[in-house]
Amino acid sequence: MELIAALLLGFFFAGYFVLGGADIGLGMLLPYLGREESERQLAVAGVWPVFLANEVWLVATAGVFIGCFPALEGELFSGLVLVLVPLLAGWMIRDAGLWWGRQAPRAGFWLTVVGSWTLALSWGWLIASLLTDTPTEPAPPALGAVTSLAIALLFLAHGMGFAALRLSGVPFERARQVAGRGAGGNSFALTSAVMFVLPLLAGARLPLSDSAASDTALRLVVPALLVILPLLLAGQVWLWRTFGRRVEGPAPAYF
Amino acid sequence: MDAETLDLARWQFALTAGGHFLFVSLTLGLATILAVLQTRATLRGGQPVHTRMVRFWGQLYVINYAIGIVTGLVMEFQFGLAWAGLGHYAGDVFGASLALETVLAFFVESTFLALWMLGWDRFNKWVHLAVLWVVTLTAYLSAYWILVTNGFLNQPEGHRVTEDGTLELGDTGAMLTNSSALLAFGHIAAAALLTGALFMAGVSAYHLFRRRTDDSDGFYRRSLRIGVYAALPALFVTVTFGGMQEENIGEWQPMKLAVFEDNSEEIARLQAEMTERFGPGDYVPPEALTQGAGMLMMAVFGLITIPLLISAVLAAFRRAVSRFRVWHVVLMALVPLPYVAMIAGWVFREAGRQPWVVYGLLRTEDAVSEVSTTQMWVSVGVFVPLFALLIVVNWWLLLRWARRGYTEPRRPPEDSRPEPVAVATY
């Protein structure tokens, strides 16, 4: 049971980095990819509406963490307050920007960009902290800064590959020049693999097996997750099949 | 743990959870009305007014839902950030329901919300309707899991004490059917419907009051009636579940009831009894706050009931619905009241159980994380202004769109729309 719980935790966390990382990276690249208003709207449309289906992987990660490893979750989160506060704030600002961008395109655009950068840099600091010998303390500033920049670059590369697959027109050309030939497919596969492995490497260092929840709690949570998992994945596939095609104009506005 | 960190953590939780609750109240109620509206629109495909109603109220629903999600993201992390002691002591029990909330409810809810709001021209109308029902039902499921968590904290059942003195889940069934959770679920679900219904009635009344819009198809008249006739039963269900909780509180948290009734003899007796049981300490919750919040909730109930009963009569007359402008103003004035009652009821429930975070088992002061005061200040300094901003902008947008009334949806440019299916003709 513990092992399955740990695998589920890793699966959701890695899934978030691959999927969420792509739209966060694209969010960071918005000023580069979109320089005129129409280009900007097209680039923002690349984030819509998949970010909604991508960020839930992180929500699920946190849920599995508190449900299956509650004591460790508290120890880690309270130890990393200074990392998690900017991470959550960046996430909120980014989402608010994406939603409000439909009413106020300029403000929404910049909130999305600032939020995406804050989020990616905070992830860098968090990963750096997890990789030290004391994962429940923030990584020292020098190490944190270097790792943050490296991880931010990784998000950028991943986002660039995603943009080359997702966008069209001038923003697409800009992304393709950087992401390389093959319409971005190759570099995206590579960055996806890195984005999948990185959180697993960082998370594997946590003392998960020593801090699992009781058998009763795991017997409630783990089977429920396993039963619902195929449905969750089906919903994801459905959403990507419906809205995952190359975007050629501004996001279809519901409001 | 120093007192300032504890106070900050409490303020942060109160303001962010309260802020989030403001969004949930409207979302949950509007979702239900919307699902029924769209079902009717789908069944009677011929009447465009029904579809336009789903679009208009759906728009307001999505605006509010969106920022509700954004504020909800933080809540889940806050237990670990600020209340690690609680996770350490009782996380085995209440963590399970939080985990199930995120995966069984929220994961599905958010994915399907995206499918619904942008799926208007993409799906078969029955599929599109089913998607909205999934969003609505998972929203209720989400509320259920959160109240299972909260119910356990108010009325711990289904746990057992381990060798090292912490709690673990013992009886899953007892945890899932905790009466404090179930009664609160009924109470809050109905109150949310009341919030959504009065919002709908109030916004419709605004448009009828202004007489600027042509209401020949009865768009706002119908909406006003739906709002009034949904609010009335919702109010009575809310009150019924509220009353049913009294006995429960008397059994599990007699101190809360004694404070509410301002019964000083009983308070003194319970204080002595609890001192004997749990050792020296102050077992009386903040009296003014608990009592004031409870009273306020009751008073607001009274303020809503009488106008709502009269409204139910007036709504039967078409001329009154279209022309009775004084009544329109009253309906507009009712919109904020359910929010006041919601927050007051929640303060009564949560302040009234102090000093306990897990009733009778863990004190709030022992649940707070081992973080420095500076760190807690950083956290409060970031989240509280951010929540305030989100709430203010959300309401500004909500009111702006509500005032604008129904407008035809903006269409994506021709070339990005899905290809029409070629029909073979002979």
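User: In this predicted model, what percentage of the 255 residues of chain A count as buried?

Analyst: The model is a predicted one, and a residue is called buried here when its relative accessible area is under 20%. Taken over the 255 residues of chain A, the share that counts as buried is 62%.

User: Which kinds of elements make up chain A, and what is its radius of gyration beside the value that the globule rule gives?

Analyst: Chain A has 10 helices and 0 strands, so that its elements, read from the N terminus on, run α-α-α-α-α-α-α-α-α-α. Because its radius of gyration is close to the 18 Å that the globule rule gives for 255 residues, chain A is as compact as a globular protein of that length. The C-alpha atoms fill a box of roughly 55 × 45 × 35 Å along the principal axes, and the radius of gyration of chain A is 18 Å.

User: Is A320(B) buried or exposed?

Analyst: A320(B) lies in helix α11 of chain B, which covers residues 318-323. Its relative accessible area is 13%, and the cut-off for burial is under 20%, so A320(B) is buried.

User: How far apart in space are A320(B) and R221(B), C-alpha to C-alpha?

Analyst: In sequence, A320(B) and R221(B) are separated by 99 residues. In space, their C-alpha to C-alpha distance is 9.9 Å.

User: Which residues gather with E247(B) in a patch of negative charge on the surface?

Analyst: E247(B) sits in helix α7 of chain B, residues 219-252, and is exposed, with a relative accessible area of 66%. The residues that gather with E247(B) in this patch of negative charge are E246(B), E251(B) and E261(B).

Key
Residues numbered from 1 in each chain as written. Chains lettered and ligands numbered in written order. Predicted model: local features only at pLDDT ≥ 70, side-chain atom pairs only at ≥ 80, totals over all residues. Heavy atoms only, no water. Patch = residues over 30% accessible without salt bridge, like charges linked within 9 Å, V, L, I, M, F, W, Y side chains within 5 Å. Areas by Shrake-Rupley, 256 points an atom, 1.4 Å probe, with all protein chains shown as cover. Salt bridge = Lys/Arg side-chain N within 4 Å of Asp/Glu carboxyl O. Lys, Arg positive; Asp, Glu negative; His and termini not counted. Charge placed at Lys NZ, Arg CZ, Asp CG, Glu CD. Helix = DSSP H or I, 4+ residues; strand = E, 2+ residues; numbered from the N terminus. Buried < 20%, exposed > 50% of the residue type's maximum accessible area, 1.4 Å probe, protein only. Rg over C-alpha atoms; globule rule 2.2 N^0.38 Å.
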